[in-house]
Amino acid sequence: MLSKRIIAIARGRALLNSKTALSVSRGWESASVHVKRAKFHSTNLLQAETVKVPQMAESITEGTLKTWVKKVGDSVSVDEEVATIETDKIDVSVNAPTAGVIKEHLASEEDNVTVGQDLFVIEPGEAGAKSESESEPPKESESKEESKSESKASEPSKAPESKPEPKKEEPKKEEPKKEASAPKKDSKPSESPKPPAPTAGSRNETRVKMNRMRLRIAERLKESQNAAASLTTFNEIDMSSLIDMRKRYKDAVLKEHDVKLGYMSAFAKACCLALKEIPAANASIEGDEIVYRDYVDLSVAVATPKGLVTPVVRSAEGMNFVEIEKGIAALGKKARDGKLSLEDMAGGTFTISNGGVFGSLYGTPIINLPQSAVLGMHSIKDRAVVVDGQIVIRPIMVVALTYDHRLLDGREAVTFLVKVKEYLEDPRKMLLA
């Protein structure tokens, strides 16, 4: 009887343990469902976001989508460039507002896009998270391949027995020799039919779409020709003193200020001083009024792959040679890198264009409206000139001033150019002005 009771007690305890185990496992199953639901809902919280064309500037309402820097499926970080929009003044980069993955492009390259238009769709998330998850499966496949290779290695060495079979078929190697000899036979006829030489006087035509900046430049230049009463006056400058000054101090300036001393700073300073004496050359027409300015915002013409731009050196009248050179160098670098902003090009009052760097000897620059004058520099050439009754060889530069005859009379324009000539032929006069 005692043994039967002991067996019954043991069976009861086993039933209790099995019931508790079942309840625990069911509890975990129900909890796992909730965890799955939580995971599912957490992914839904990161909804895809549609990015629109940003506000570019007050005067710019549309542009051309030039390039997609990021393709569909690429991961991006915050503020990383996704696309580039070309306008008639600058290139605008569209950056990612958040880190994530590009899901869709809503416009194609070379499409015209307007401010506020839907541009692309991005799914928020950590940049590069997808690439990490995608790189994990290959690791599993690599482990499988390793296990397969290990299993093959553990098998009896039957493979070496099968390898000698292709070794017996060594005569097949003679076939490449025949093939090698075959090209020699074919090479003779291939030499005889030579491609036809290009015919002289080809009449092919290539059409290329004008970019927005080039279209804008064409529009502005034609507007200047139609609006301004343009007239050009010329003069010659003996560059001997300026060249001597540059040779003497350029190494010291480069060592101390880390900037090259060129001729542009001297011309800019001479123009600023001459503009004080001839304020009409620094003025502009607005409606039926003439606006005179006490400051000089100097526009400097810079050639870029996309066209000519004129970034502005602000308040150049208060700068010395080194400061002007630093300002011009910084703007030139930004222009060549395509990083000029609208603020860098707006509001010039007088322009200097240096065609001499390209070898120009003479030229008539076009006025950059609404300005009233532009100075054109040209190349320096050794010429025979008369000095104190003797013929000597001097480095001469021809300069041109194109001015708006509605604002400047001939007397004022010629006086301005003569003042610039005097300052440059004896740079010490700039210290006394």
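# Reading helix H8 and its surroundings

Mentor: Let's start with a crossing: helices H8 and H9 cross in a right-handed way. Keep in mind that this is a predicted model.

Trainee: Okay, but how do I describe two helices that pack together? What are the angle and the axis distance for H8 and H9?

Mentor: The general idea is that a packed pair is described by the angle between the two axes and the distance between them. Here, H8 packs against H9 (residues 321-336) at about 115°, and their axes are 9 Å apart. That angle makes H8 roughly perpendicular to H9.

Trainee: Which residues of H8 and H9 meet?

Mentor: From H8, look for Met264, Ser265, Ala266, Ala268 and Lys269. They meet Phe321, Ile324, Glu325 and Ile328 of H9.

Trainee: And how does H8 pack with H11?

Mentor: H11 covers residues 410-425, and its axis lies 9 Å from that of H8, at an angle of about 135°. With that angle, H8 is oblique to H11. On the H8 side, the contact includes Phe267, Ala270, Cys271 and Leu273, while Phe416, Lys419, Val420, Tyr423 and Leu424 make it from H11. This crossing of H8 and H11 is right-handed.

Trainee: Let me look at H8 on its own. How many residues does H8 have, and what span does it reach?

Mentor: H8 runs over residues 264-277, which is 14 residues. From first C-alpha to last it reaches 20 Å, close to the 20 Å expected at 1.5 Å a residue.

Trainee: How many of the residues of H8 are buried?

Mentor: Buried means under 20% relative accessible area. In H8, 12 of the 14 residues are buried, so the helix is largely enclosed by the rest of the structure. Among the buried ones are Lys269, Cys271, Cys272 and Leu275. For the chain, 31% of the 433 residues count as buried.

Trainee: How do I read backbone angles?

Mentor: Most residues other than glycine have a negative phi, and most peptide bonds are trans.

Trainee: Where does each one lie, Asp79 and Ser315?

Mentor: Asp79 is in the loop between strands E3 (75-76) and E4 (81-86), and at 56% relative accessibility it counts as exposed. Ser315 is in the loop between strand E15 (312-313) and H9. At 37% relative accessibility, Ser315 counts as partly exposed.

Trainee: Which residues does a cis peptide bond join?

Mentor: Leu369 and Pro370, with omega at about 5°. You'll find Pro370 in the loop between strands E16 (350-354) and E17 (373-377).

Notes. Residues numbered from 1 in each chain as written. Predicted model: local features only at pLDDT ≥ 70, side-chain atom pairs only at ≥ 80, totals over all residues. Heavy atoms only, no water. Helix = DSSP H or I, 4+ residues; strand = E, 2+ residues; numbered from the N terminus. Expected span 1.5 Å × (residues − 1). Buried < 20%, exposed > 50% of the residue type's maximum accessible area, 1.4 Å probe, protein only. Axes fitted to C-alpha atoms, helices over the stretch in contact; angles between N-to-C directions. Parallel < 35°, antiparallel > 145°, perpendicular 65-115°, else oblique. Left-handed = near helix turned anticlockwise from the far one by under 90°. Contact = heavy atoms within 4.5 Å.
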